[in-house]
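Dear colleague,

Please find below the structure that I am passing on to you.

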Amino acid sequence: MAVASSSDVAILALGVVLAAAYLFRDSIFSSSTPKAVPVAPSKLANGHGNPRDFIAKMKQGKKRLIIFYGSQTGTAEEYAIRIAKEAKTKFGLTSLVCDPEEYDFENLDQVPEDSCVIFVMATYGEGEPTDNAVQLMENLTDSAFEFSNGQHRLEGLKYVVFGLGNRTYEHYNAIARQVDAELANMGAVRIGERGEGDDDKSMEEDYLEWKDTFWPAFAEALGVEEGQGGDTPDFAVTELESHPPEKVYLGELSARALTKTKGIHDAKNPYASPVKLSRELFQVGGDRNCVHVELDIEGSGITYQHGDHVGVWPLNPDVEVDRLLCALGLYSKKDTVINVDSLDPALAKVPFPVPSTYISVLRHYIDISAVAGRQILGALAKFAPSPDADAFMRNLTSNKDEYAAVVTNGCLKLGEVLQLAAGNDITVHPTPQNTTAWAIPFDIVISSIPRLQPRYYSISSSPKLNPTSVHVTAVVLKYESIANKLTTPRWVHGVGSNFLLNIKHAANGETAAASEGLEYVSLPAYAIEGPRGAHKAEDVYKIPVHVRRSTFRLPTNPKSPVIMVGPGTGVAPFRGFIQERVALARRTLEKNGDDALADWGQISLFYGCRKSTEDFLYKDEWPQYTAELKGKFTMHCAFSREPPYKPDGGKIYVQDLIWDDRKNVADAILNGKGYVYICGDAKAMSKAVEEVLARILGEAKGGSEADGAAEVKLMKERSRLMLDVWS
């Protein structure tokens, strides 16, 4: 081994001493005065705090109100923002409007005593919370969940609840009621009464009635006085003299659509899907329409499952766009490029991509085709072009019976109300010459009218048979308004379904047949070529869509019996269900031979329509499915307007067919542990079907209808009875 010399040792020792001196230089050479240690700035102050801590955000922004919304389609969020805006206008109080999915609730007990928590909660499905409120509800209902005080208690917390529901559903406003009960049980104190909005009648009127009593109670509880706020705008709208045309949104729904770059397609970036095929499903020449549309998703990255929903992004009809442009005095500069900035980003986000143009905003981005709300009319009255128009608007705002008779029953849109108030004729096509202009700032229009939302349809195909296309089955909404002292009955057209009808007409080179006596103004036409013509390539039209997942699914085991109830377009998802089973049957038969389906459960479809010759959807397809499923599929049809009728002459509906087949139905459910699916009208059909199921099951178990109702409830809890219904 090598031996170190004395000089090597000396050099090494010197190195150690110098290194030690360098490392401890501050201690060896510092003065006796201690050195000041700089204090690191607050992470929260630099925007780096816990982004899920709403208490810190409240304190940082000096907010006294925090509003959580449970929203599936955006409506609850809209009402949450409305409450925040009114608190600011009335009392000068600023709010934090929050998606509960983005926050933690361990410190809910730390809300300051002079503050308040407001819950705006929609009820979804079978009494379930919306997707973004699942965690919030779990925290509130779990007695083992501890807040920062180490307990499941919220003593003295001031709270408010407004619920959104639909009375035609069994679990009306269940989530709002549950939030209220859980908070009260934990010692929290509610301000005012719990509000409940009913979408089956008028959510708007329920909200207005509730807030009239809520705000006084709120002012007393928080010790504030009305009049401390101010009428401040939410947005600043600026007309741009020059801007690169390729960077202006003319109806594109996302930045990727504008720049034509690839990306994931979802609700924030819909896919412009080419229409592969479109056809009429009802008898040609009848007074009703039902369109079948096949959307090409090949190469889009979009996938779907049977039972999912497709969101179709429509646009407003040309006549309503022209009407509002004229009423706002903007027709001559409809193509002017505008930018929109939020003056309070925490409260009011710009609801659409900018910069844009006046006409693009009205056509593609805000819902000008909805019935005008009473509160909106009140905000616009001060801009009336004449004393008579002002009086007209204020009367509608203050007199809810007058509003209901004229606006609600007349199905009047905002542009039509402005025309009527100014004495204009709403039965002719609007022009600047026949429409009085109102000096309404465009920022108020943006603040007052909600974003145009997608229309959702149950997908009527299975990816097992149609992997590159999504099928839509849509009955076209058209009905007459109720006459009143200002308007005669007029045809009212649904935005989404008539948009699809327009696409079908154009794609097939058809001419829309005008109904007898129908004025031009009532025939909706749409700019279906899309922004910059992007939604038309040669003779192929495109529709912006995205897929929304659903839990409405067949049981994975084909041995389980399946009962499906879907009259009218309620049959749409069941076409997808049957296609799913047909695809599985083909593979099974190919692999295991002709007897491979022998142990499969029976599949029963109860379907109803008016007449077998008029509106029997997919009439030619069902026999083919029956043959492929080797007798495992049975279809029961009720035609309400053709024989046979009941002994008393009454019409036969799907619930009557279910009762007639009660022995097999009871056996499939009780002995076969089968699954039941209901799709369609929630107001009458769904309730009637559940009632007859309760009768059948109660009788089969040797008990009462109440026993049967308990069995129905148990089936729902175990996901053996599933509903996809609407009102």
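The lining of the second largest cavity comprises ten nonpolar, five polar and one charged residues. Please bear in mind that the model is predicted. The cavity in question holds about 140 Å³ of space. Among the 16 residues that line this second largest cavity, W313, P314, L315, H364 and P544 are the closest to its centre. Searching the whole structure gives two cavities of 30 Å³ or more.

As to the chain as a whole, it has 727 residues, of which 50% count as buried. Its C-alpha trace spans about 115 × 85 × 60 Å along the principal axes, and the chain contains 22 helices and 24 strands. Of the contacts in the chain with a separation of 6 or more, 77% are between residues 24 or more positions apart.

One of the sheets may also be of interest to you. It is an open sheet of three strands in the order β8-β12-β13, with antiparallel pairing. Strands β8 (235-239) and β13 (356-357) stand at the edges with a single partner strand each, so one side of each has no neighbour in the sheet. Five bridges join β8 to strand β12 (residues 337-342) in the antiparallel sense, and V237 stands opposite V340 in β12.

With kind regards

Technical notes: Residues numbered from 1 in each chain as written. Predicted model: local features only at pLDDT ≥ 70, side-chain atom pairs only at ≥ 80, totals over all residues. Heavy atoms only, no water. 1 Å grid on protein atoms, 1.4 Å probe; cavity = no way out; pocket = protein on both sides within 12 Å on 5 of 7 lines; lining within 4 Å. Points joined across faces, edges and corners; volume = space filled by probe spheres on them. Nonpolar A, V, L, I, M, F, W, Y, C, P; charged D, E, K, R; others polar. Helix = DSSP H or I, 4+ residues; strand = E, 2+ residues; numbered from the N terminus. Buried < 20%, exposed > 50% of the residue type's maximum accessible area, 1.4 Å probe, protein only. Contact = heavy atoms within 4.5 Å. Pairing = 2+ DSSP bridges.
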